[in-house]
Amino acid sequence: MNWIAPWITPACDMGSQAPCFAKAFRTEKPVASAVLRMTAMGVYDAAINGKPVTDTVLNPGWTTYQKRLQVQTWDVTDHIGAENELTVTVGKGWYRSPLIRHWGGTIQTERMKLPAAITAELTLTYQDGTRDVILTDESWTASEGVVRFSELYDGEVVDATFVPAEKPNAVLYDGPTDTLIPHEGAPICEHERIRAARVFTTPRERTSSTSARRSPASSKLPWTPMPVMWWMFPSPRSWTSRVTSTPRITVTPSAGIITPAARAIRSTRPA
């Protein structure tokens, strides 16, 4: 895939936080079309002027990253105004989280040490036929964001009141280019949102909640390959899943991170 946009990463290690990359830009002429192409080392949420560029989540999706990393293309013409800001929040996702099936392996262990990084290309075509191309570079900022913790299995911690003290510039990163391919996987979309039935404070003064829905206890489900859970059970032909609370994996939209109901799922050999 022909790709020229550099990779960028935060200037300092942010640990398990989900950094927020940002680029402000202006348009001086009427825009005929705007197309954003991008991918990330992790899973990302992108927005222009606060409006998400897509209703899909967990992009760029799960692939064998050492062989293929998908690049998404979004039509963002309706997002563009005179004054604009493109923001991208990046969580660890499959790329940099511990993966159960890969425990003890060297590929994922080494990938977990890598930083969050993105590469992006925004092409603005004006009504007079001229074009501007905005690439990821050192003019972007990469700061802490409201997602204070982000991980594939352990979900995320969001502090909506957090405001970064500074927004340092991003730095260039030697990310993968020879493995980039156009997106070919099925989209992952948010299915529904379930409000908490009750919010309460525990004796240890921790805020908790209970779900508004419960499935029948000990309901057995047939094996169905799932994009998130398939690697959790090493022998799908001989294992089933017993669901004790909810059979869902909840996708939280704020940073495209998974909060696993898998904690409520235990694998059992059929009797």
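Predicted model: local features only at pLDDT ≥ 70, side-chain atom pairs only at ≥ 80, totals over all residues.
1. Residues are numbered from 1 along each chain as its sequence is written, and side-chain values use heavy atoms, with hydrogens and water left out.

2. The protein chain holds 2 helices and 21 strands, taken as DSSP runs (H or I of at least four residues for helices, E of at least two for strands) and numbered from the N terminus. Of its 271 residues, 42% are buried, where buried means under 20% relative accessible area, exposed over 50%, and partly exposed in between (1.4 Å probe, protein chains only).

3. Trp 62 and Trp 94 form a tilted aromatic pair, 6.3 Å centre to centre with 55° between the planes; rings of Phe, Tyr and Trp (its six-membered ring) pair if their centres lie within 6.5 Å, with planes under 30 degrees apart counted as stacked, over 60 as edge-to-face and the rest as tilted. Trp 62 lies in the loop between β5 (51-52) and β6 (69-75), and Trp 94 in helix α1 (residues 93-96), 32 residues apart. Trp 62 is partly exposed at 27% relative accessibility, whereas Trp 94 is buried at 1%.

4. The rings of Tyr 65 and Tyr 95 have centres 4.6 Å apart and planes at 40°, so this pair is tilted. Tyr 65 is buried at 4% relative accessibility, and Tyr 95 is buried at 6%. Trp 62, Tyr 65, Trp 94 and Tyr 95 form one aromatic cluster.
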